[in-house]
Amino acid sequence: MKATVRTVCAHDCPDMCSLLAHVEDGRIVRIQGDPDQPFTDGFVCAKVSREPDLVHSRERIPRPLRRSGEKGTGAFAPVSWEEALAEVVARWRAIIAEDGPLAILGYCYSAHQGQFNRWLPMALFHALGATRLLPGTVCDTCADAAWDATVGPIGGADPESVVRSDLVIAWGADLVTTNVHFWAKVERARRTGATLVAIDPRRSRTAALADWHLAPRIGTDAALALGVMHVLVRDGRCDREYLARETLGFERLEREVLPRFTPARTAAITGIAPSDVERLAGLYGRARAPFIRIGWGMSRNVHGGQAIRAVALLPGITGAYGRPGGGALLATSQSFGLDVDPVRRPSGPTRTRTVNPSRLGDALLHLDAPRIRALFVAGNNPAVTCPDAGAVRRGLSRDDLFTVVHTPFLSDTARYADLVLPAATFLETEDLYRSYGTYYLQFGPRAIAPVGEAWSNLRLAQELARRLGLRDAVFSMTPDELARTVLRGATGALSSVDPGALRTAGPIKVPPAPGGQRFATPSGKLEFYSAALEAQGLPPLPDWEPDPAEDAEARRWPLRLLTAPGYYQSHTAYSGNPVLRARQGPPVAVLHPAEAVRRGLRDGDDIDVYNDRGALGVTLRVSDEVPPGVVLVPGQRPSGEARHGTVNTLCSTRYTDLGEGATYQSTFVEVRGAGHRDGGAADGRRP
Ligand SMILES: Nc1nc2c(c(=O)[nH]1)N[C@H]1C(S)=C(S)[C@@H](COP(=O)(O)OP(=O)(O)OC[C@H]3O[C@@H](n4cnc5c(=O)[nH]c(N)nc54)[C@H](O)[C@@H]3O)O[C@H]1N2
Ligand SMILES: Nc1nc2c(c(=O)[nH]1)N[C@H]1C(S)=C(S)[C@@H](COP(=O)(O)OP(=O)(O)OC[C@H]3O[C@@H](n4cnc5c(=O)[nH]c(N)nc54)[C@H](O)[C@@H]3O)O[C@H]1N2
Ligand SMILES: [Mo]
């Protein structure tokens, strides 16, 4: 039996490809990009072309497992679904009876699913009144908070409009790795004369292919953007009419902040030569339609919120927000107008205790009254991806914690579980998908039946809800009924979409309103000055100030850690695919030749990257793709791939300046050869 199913890629990626899944005898044999979606345009990335190997990997968990050894060791024995579900329900009921629902935490927010498989597990914990997870802090809450305070909760420029741009800036975004279909559009714009500038502390794949690569010090982008504004104002390249009509508070910025960001001072902060600050301002000021693709990388440090805010303000200075092909794009998700609240927040208290994923370890170890006694994880791998992963693992090791992990593969987190439940991947379930980097929405039917005994997140959440006596309608709805529910309250372009036709409609574009960037801030304008931030005790104007705690760390440790997405590994989601694992190669850390020489290290050496919190044993790569003073560790590789450790044991749980996000890039470390014998390296501690 052969079939071709039109569906959607659900991996955590801004592009959200439309796919054609070729199926033979119940197996995916080939994945192809659907040519009928203009943005993803018939091609898929190097990872997803290998999706059949992931879905049918021999490393998939075939059936539910119960722990049979110490936590963390991965010793399990098979059990039936019926036994597993009965145990989950009995344990949760007993915990609720003794300590109330706050003793339960559901750790699931997003990853590699569409709207329903993502939200239904959260709905379950919402309805139970459990301790609530603040979704996304390890990824995007800092960038979102900054964007929302500046532009408002609304999507940015349409990525398809970039073909009309004459200057594209990839600002903290490695497009070739994380946004490859946007990259294809940028290449088209370049063929008709557009210039590409990459602003990234390292020579990323994108920076290497750009017309110009500017490498600021990590965490100094706000200063760079303010320095550019200083020059634009000085040279009379502002659009005063646009500023007066569409923005708020520019005169205060001009008076109170910009005078301090002369090219000389900007250079001293960012490490970018004064002449290059001038040149960037000149390029930007002269461009007809400059398009800034804002990446999330620059937001994951203690200056991250100010960085996103300052960069998002730049197109307001020259009025580029009003011109087709110009503007800025962080994300599009807030413009779809889907009403997902009935699905993710059914019954349940409006407020409960919350946990920030960036401090999961802390919550598991120290939250009290009540203590977290039950943890459920689906679609995430916090033992690897959260800051201070050592604390997460210590928390997961607690004997009195009942942990259930729902996953297609035996992830590091699953190794600490009492019960592991096999999860279906997106190709084995139905869902509604909306992109966060384009303006497309699409219903994805399932391509094949779940592999082995796998269940989708949707099925598991609904079954647990029924067994726990939760009566909310969402727990018995089919995907079509759920689609109707989120479309019922939809606003904007989506309000005209017929839910009955959704299943077979293919990709639907929900474009932003024409006529330039809209602003959804309290004032309805682009806010240089934000009263909302001021009310929270935060700086109302964008600025860059030194951070004393960071400076103290930098004096203790000679190198700053830079982490970036793996090309063949999207976080840990593809680590169950041996082919992609091999193509990514063994985990490495990259040092500039001068730093290697200083330590007597050579390319290929076994090294330890370490600080007070932990150590990571990897292979050294010596390359000038990173500047001196920085060590780059690409990807978040699970235990067992590196010689020892995982990268996030090095990172602290300090929050970003806005939005309580994770500060992976505010981590300071040292590197030494693995043969070093003054103690410490083996247990991951500094002597
Ligand atoms: N192949 C692949 N694709 C992915 C992912 C993946 O892991 N692998 N992850 C997915 C997810 S969940 C997300 S959120 C997106 C993220 O997509 P991106 O935003 O592209 O990735 P980031 O991790 O944010 O890092 C982007 C770049 O920011 C740079 N950077 C770091 N610090 C700074 C700084 O202070 N200033 C500046 N200017 N640049 C800085 C890094 O060197 C990196 O090259 O990608 C998605 N797509
Ligand atoms: N040092 C450092 N750390 C980072 C980052 C960084 O740049 N640097 N980036 C951060 C970012 S942007 C993000 S988004 C996070 C990502 O971190 P996580 O959200 O933890 O993402 P993954 O590592 O991809 O883990 C996904 C897990 O879900 C499982 N899974 C996949 N599909 C399904 C499904 O359909 N159902 C279920 N139940 N399980 C499924 C996979 O097997 C895997 O175990 O990492 C963050 N961590
Ligand atoms: Mo992310």
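A polar contact is a pair of N or O atoms within 3.5 Å; within protein, one atom must be able to donate a hydrogen and the other to accept it, and residues adjacent in sequence count only if both atoms are side-chain atoms. The model is predicted, with local features requiring pLDDT of at least 70 and side-chain atom pairs pLDDT 80 or more, while totals for chains, interfaces and linings use all residues. Residues are numbered from 1 along each chain as its sequence is written, chains are lettered from A and ligands numbered from 1 in the order in which they are written, and side-chain values use heavy atoms, with hydrogens and water left out.

**Figure 1. Surroundings of ligand 1.** Ligand 1 is surrounded by 32 residues, a residue being near if one of its heavy atoms lies within 4 Å of the molecule. Thr 178, Asp 200, Asp 221, Trp 296 and Gly 297 are the closest. A side-chain N or O atom of Asp 221 is 2.6 Å from a nitrogen atom of the ligand. At 3.2 Å, a nitrogen atom of ligand 1 faces an N or O atom in the side chain of Lys 47; a polar backbone atom of Thr 177 is also 3.2 Å from a ligand nitrogen atom.

Figure 2. The side chain of Asn 648 places an N or O atom 2.6 Å from a nitrogen atom of the ligand. A polar backbone atom of His 406 is 2.9 Å from a nitrogen atom of ligand 2, and an N or O atom in the side chain of Thr 407 is 3.4 Å from an oxygen atom of ligand 2.

**Figure 3. Packing of helix 8 against helix 12.** Helices (H or I, at least four residues) and strands (E, at least two) are DSSP runs, numbered from the N terminus. Helix 8 (residues 221-234) and helix 12 (residues 274-286) have axes 9 Å apart, at an angle of about 65°; axes are lines fitted to C-alpha atoms, for helices over the stretch in contact, and angles run from 0 to 180 degrees between N-to-C directions. The two helices are therefore roughly perpendicular (angles under 35 degrees count as roughly parallel, over 145 as roughly antiparallel, 65 to 115 as roughly perpendicular and the rest as oblique). Contact, meaning heavy atoms within 4.5 Å, includes Leu 224 and Val 228 of helix 8 and Leu 280 and Tyr 284 of helix 12.

**Figure 4. Packing of helix 2 against helix 18.** The axes of helix 2 (residues 81-99) and helix 18 (residues 457-467) come within 10 Å and cross at roughly 55°. Helix 2 and helix 18 are therefore oblique to each other. Among the residues that meet are Trp 81, Leu 85 and Trp 92 in helix 2, and Leu 460 and Leu 464 in helix 18.

Figure 5. Most residues other than glycine have a negative phi, and most peptide bonds are trans.
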